[in-house]
Amino acid sequence: VGKEATLIVFSDDFDRALASFVIANGAAASGKKVTMFFTFWGLSVVKRRKAPRVAKDFMGRMFGMMLPKNSGKLSLSKLNMGGMGAAMMKSRMKAKKIDQLEIMMESALKAGVRMTACQMSMDIMGVAREELMDGVEIGGVASYLDAASGANLNLFI
Amino acid sequence: VGKEATLIVFSDDFDRALASFVIANGAAASGKKVTMFFTFWGLSVVKRRKAPRVAKDFMGRMFGMMLPKNSGKLSLSKLNMGGMGAAMMKSRMKAKKIDQLEIMMESALKAGVRMTACQMSMDIMGVAREELMDGVEIGGVASYLDAASGANLNLFI
Amino acid sequence: VGKEATLIVFSDDFDRALASFVIANGAAASGKKVTMFFTFWGLSVVKRRKAPRVAKDFMGRMFGMMLPKNSGKLSLSKLNMGGMGAAMMKSRMKAKKIDQLEIMMESALKAGVRMTACQMSMDIMGVAREELMDGVEIGGVASYLDAASGANLNLFI
């Protein structure tokens with residue numbers, strides 16, 4: 001306890017994804033072992049850019065159509081205004097020399113942050129392993145709890 | 001510290017309620033003492049199915065009319081589409097042999113998960129003790145903090 | 001670990017702000033050292049009532065216009081109904097003799113709760129130091145992690 005951190009990324013909001021990676025990278029930089037657990041809507045954050053062809057049933061196709069395709073397509077939880085809000089936020093980050101979300105995600109992987117996709121959510125949403133970014137593991141609630149039991153910093157975002 | 005977990009269930013979203021009970025049951029199964037604290041909109045999750053007649057003032061009736069009657073009436077936080085999204089999610093869970101929310105809630109009580117409703121929220125929302133499911137205690141922020149101070153896994157959902 | 005608590009206030013919802021201060025004040029009353037970290041939309045919670053004139057660029061003005069001016073202007077996350085929901089909640093709190101949000105915030109400062117505004121969020125949203133309430137510090141993710149590493153109760157609200 002004290003040297004580890006876990007983050008459950010439940011949301012596919014751009015702003016919450018951003019907060020998740022700012023905290024994850026900060027914690028990794030301060031020497032903590034960090035585990036991120038992507039569940040429910042949060043799965044969209046770790047979908048790969050070039051979506052492979054995957055056979056899906058009807059509901060899987062429905063979810064696939066309605067949810068963001070990857071981290072580049074996320075919306076703000078407020079003031080999204082059809083994507084204008086998220087675009088404003090990104091241009092603002094550029095002006096202020098803050099890394100974009102994709103860069104933060106790469107940095108996280110390089111810094112050894114463990115990224116895990118929730119198996120149960122993948123089943124429910126019909127997301128296949130091939131759709132996930134390289135470097136993302138698959139795990140269940142037991143693997144989350146295992147990581148959390150050694151950590152004092154456990155957030156649900 | 002290390003053998004206990006607390007979850008604040010603040011939301012009445014179906015998906016967040018589901019996540020709460022997946023974590024609570026997983027933690028209980030791994031030997032942790034788990035306390036769930038239902039507050040604000042989260043109160044609706046622990047309302048009993050057969051609502052008793054309770055005298056309410058005007059605002060209490062308003063909140064009662066506008067909020068979900070019980071855990072069977074929750075909406076998805078996204079893609080709810082007038083209930084179609086939540087229904088899709090449930091049919092999906094059935095197909096994948098994942099327990100439904102009500103079963104998870106029963107399992108939690110059987111596994112000794114402590115379920116507490118927030119007194120202050122009940123006052124504000126005008127929810128009476130008789131409206132809560134059997135097995136649900138009533139407590140305040142002090143009882144939450146008491147549970148949290150012995151736990152390293154404390155989530156706000 | 002065990003004597004400290006941190007709360008990330010990410011949201012500008014009235015109900016979530018309320019929950020944050022109920023927990024913060026409860027934790028302070030029980031002898032914990034509490035740090036609150038206001039980030040993203042949560043910055044609006046700690047803006048001062050009498051907004052000073054601040055030179056802003058175009059995007060800063062846009063965010064300033066669209067976001068709540070201060071803690072008195074927050075909306076409910078659900079059932080806000082153009083402000084009627086938040087007003088109902090406040091009148092309800094008054095009837096039940098629960099402190100209003102502003103009183104809770106004053107109590108928090110008096111009780112020694114540390115309130116920190118996130119520097120990166122201020123940069124992105126174009127919020128200036130003069131716009132923040134007295135008693136609010138400015139810090140980055142490192143200062144948050146520093147506080148969190150000594151705490152077992154760390155919530156993201």
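Start with one pair: select Lys78(B) and Asp12(A), which form a salt bridge whose closest N and O atoms lie 2.5 Å apart. Keep in mind that this model is predicted.

Now widen the view to the elements around the contact. Select α1 (14-29), α3 (84-95) and β5 (153-156) of chain B; these are the elements that give two or more residues to the side of chain B that touches chain A. Which of them gives the largest share of that side? Colour α1(B): the largest share, eight residues, comes from there. Next, colour this side of chain B by residue type. It divides into 17 nonpolar residues, five polar and six charged.

Return to the links between the two chains. How many salt bridges are counted between chain B and chain A? The count is three, and the pair Lys78(B) and Asp12(A) is one of these salt bridges. Show the polar contacts too: 10 residue pairs are in polar contact between chain B and chain A, with both residues at pLDDT 80 or more.

Select the whole contact next. Chain B brings 28 residues to it, and chain A brings 30. The size of an interface is often given as the accessible area lost when the parts come together. Here, chain B and chain A bury about 2600 Å² between them. Carbon and sulfur atoms account for 74% of that area.

Which three residues supply more of the area that chain B buries against chain A than any other three? Select Lys78(B), Met88(B) and Arg92(B): together they supply 25% of it. Lys78(B) is the residue from the opening stop, where it pairs with Asp12(A).

Zoom out to whole chains.

Why do chains B and A meet through different surfaces? Only 14% of the interface residues of chain B are also interface residues in chain A, so the copies use different surfaces to meet.

Last, bring in chain C. A rotation of 120°, with 0.0 Å of shift along its axis, superposes chain C on chain A with an RMSD of 0.0 Å. The two copies are thus related as by a three-fold rotation axis. Select Asn152(C) to finish: in chain C, its C-alpha is nearest the axis, 3.0 Å away. For chain C, only 13% of the interface residues are also interface residues in chain A, so these copies meet through different surfaces.

How values were computed
Residues numbered from 1 in each chain as written. Chains lettered and ligands numbered in written order. Predicted model: local features only at pLDDT ≥ 70, side-chain atom pairs only at ≥ 80, totals over all residues. Heavy atoms only, no water. Least-squares fit on C-alpha atoms with pLDDT ≥ 70 in both. Contact = heavy atoms within 4.5 Å. Buried area = accessible area lost by both parts, 1.4 Å probe. Salt bridge = Lys/Arg side-chain N within 4 Å of Asp/Glu carboxyl O. Polar contact = N/O pair within 3.5 Å; in protein donor to acceptor, adjacent residues only side chain to side chain. Helix = DSSP H or I, 4+ residues; strand = E, 2+ residues; numbered from the N terminus. Nonpolar A, V, L, I, M, F, W, Y, C, P; charged D, E, K, R; others polar.
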